[in-house]
Amino acid sequence: MADPELKDEKTMPEAPPYICPLVQNHVLCQCCLQPMPDRRAQAINPANNIPPQQCQICYRAYCHAYWGCTKNECTGCIGKFKDLNFGKKCLNNLILENVYESEIFKNYVEANGMSVKQVLRESLVKLDAGQYTCPDQSRFAINSNTALCYTCGLRNFKELAYQYRKDIPRDELPEDAQKRQDCYWGKIAEHRKQDLIMQRISAISVIRLELHRTKKTEDVFVQTKPI
């Protein structure tokens, strides 16, 4: 991959130059549970150029963006939305938390040599343009530069990934996926987590079905008008 920023791997940032005064308050990272200097008040002013230490949705403190979280399992517990590293592992259950839809999307991503971060960046371009939405937008102003923790970021990325998947032309999907019938109710269907049904029915293309039904209804209405 040409751009190293789009690789699905954890990168350790360089800590900002800072020496704690005697009265410095500290806050625990909620990932590694290690203390770091609490500079959240200073970070409000962008001119101070202090990396984010607090998620702007859940308000929990994390240390990765500040100086790199050292917990082994951590892939980057906080950062700007566009910089979060969700990794390939998230693909297993990314689309509607449905293994079949997620497998189709995973195969598409891998077949096209894409990284998860590339999908994230392309989705965020559309989020910033107002073409995509994410769940927490009803309460917070979220864009590609919003500081989010891994958990809050993944929750919103799942919805962005669903919209990204919905925009993929059917003929670009694997052959098996092209043959699956569309579900009338789409992602809100009660049966979308039942294995036998979801192997055969797509929960993605409800909008195309509804448009088709609307057009068909209009055609019938026109045909039944008095001459």
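## Aromatic rings

Phe86, Tyr150 and Phe157 are linked into a cluster by ring pairs. Rings of Phe, Tyr and Trp (its six-membered ring) count as a pair if their centres lie within 6.5 Å; planes under 30 degrees apart are called stacked, planes over 60 edge-to-face, and the rest tilted. This is a predicted model, in which local features need pLDDT of at least 70 and side-chain atom pairs count only at pLDDT 80 or more, while totals for chains, interfaces and linings use all residues. Residues are numbered from 1 along each chain as its sequence is written, and side-chain values use heavy atoms, with hydrogens and water left out.

Across the whole structure, a search finds five aromatic pairs. One of them joins Phe86 and Phe157, which are stacked with 5.1 Å from centre to centre and 5° between the planes. Phe86 is in the loop between E3 and H3 and Phe157 is in helix H5, so this pair ties together parts 71 residues apart in sequence. Helices (H or I, at least four residues) and strands (E, at least two) are DSSP runs, numbered from the N terminus. Phe86 is buried at 4% relative accessible area, and Phe157 is buried at 0%. Here buried means under 20% relative accessible area, exposed means over 50%, and partly exposed is in between (1.4 Å probe, protein chains only).

The pair of Phe105 and Tyr164 is edge-to-face, because the ring centres are 6.0 Å apart and the planes stand at 80°. Phe105 belongs to helix H3 and Tyr164 to helix H5, so the pair ties together parts 59 residues apart in sequence. Both residues are buried: Phe105 has a relative accessible area of 1%, and Tyr164 has 12%.

Helix H5 has 17 residues. From its first C-alpha to its last it reaches 24 Å, close to the 24 Å expected at 1.5 Å a residue; the expected span is 1.5 Å times one less than the number of residues. H5 is mostly covered, with 12 of its 17 residues buried. Among them are Cys152, Leu154, Phe157, Leu160 and Tyr164.

A nonpolar core is a set of buried Ala, Val, Leu, Ile, Met, Phe, Trp, Tyr and Cys residues joined through side-chain atoms within 4.5 Å. The largest one here has 51 residues, and those with the most contacts inside it are Phe81, Phe86, Leu94, Phe105 and Phe157. At least two residues of this core come from each of helix H2 (64–67), H3, H4, strand E4 (147–149) and H5. H5 gives the largest share, seven residues.

## Charged side chains

Six salt bridges are present in the structure. A salt bridge is a side-chain nitrogen of Lys or Arg within 4 Å of a carboxyl oxygen of Asp or Glu. One of them joins the side chains of Asp38 and Arg40 at 2.9 Å, N to O. Asp38 is partly exposed at 23% relative accessible area, and Arg40 is partly exposed at 28%.

Another salt bridge, at 3.2 Å from N to O, joins Asp83 and Arg121. This pair links distant parts of the chain, 38 residues apart: Asp83 is in the loop between strand E3 (78–80) and helix H3 (99–111), and Arg121 is in helix H4 (residues 116–128). Asp167 and Lys126 also meet in a salt bridge, at 3.5 Å, N to O. Asp167 is in the loop between helix H5 (150–166) and helix H6 (175–178), whereas Lys126 is in helix H4, 41 residues apart. Asp167 is partly exposed at 41% relative accessibility, and Lys126 is partly exposed at 29%.

Arg39 lies over the face of Tyr18, 3.9 Å from the ring centre. A charge sits over a ring if NZ of Lys or CZ of Arg is within 6 Å of the ring centre and within 35 degrees of the ring normal.

## Cysteines

How many disulfides does a search of the whole structure find? It finds zero disulfides, a disulfide being a pair of cysteine sulfur atoms within 2.5 Å. For Cys31, the closest cysteine sulfur is in Cys69 at 3.8 Å, too far for a bond. For Cys63, the closest is in Cys29 at 3.6 Å, which is also too far for a bond. Cys31 counts as buried at 18% relative accessibility, and Cys63 counts as buried at 2%.
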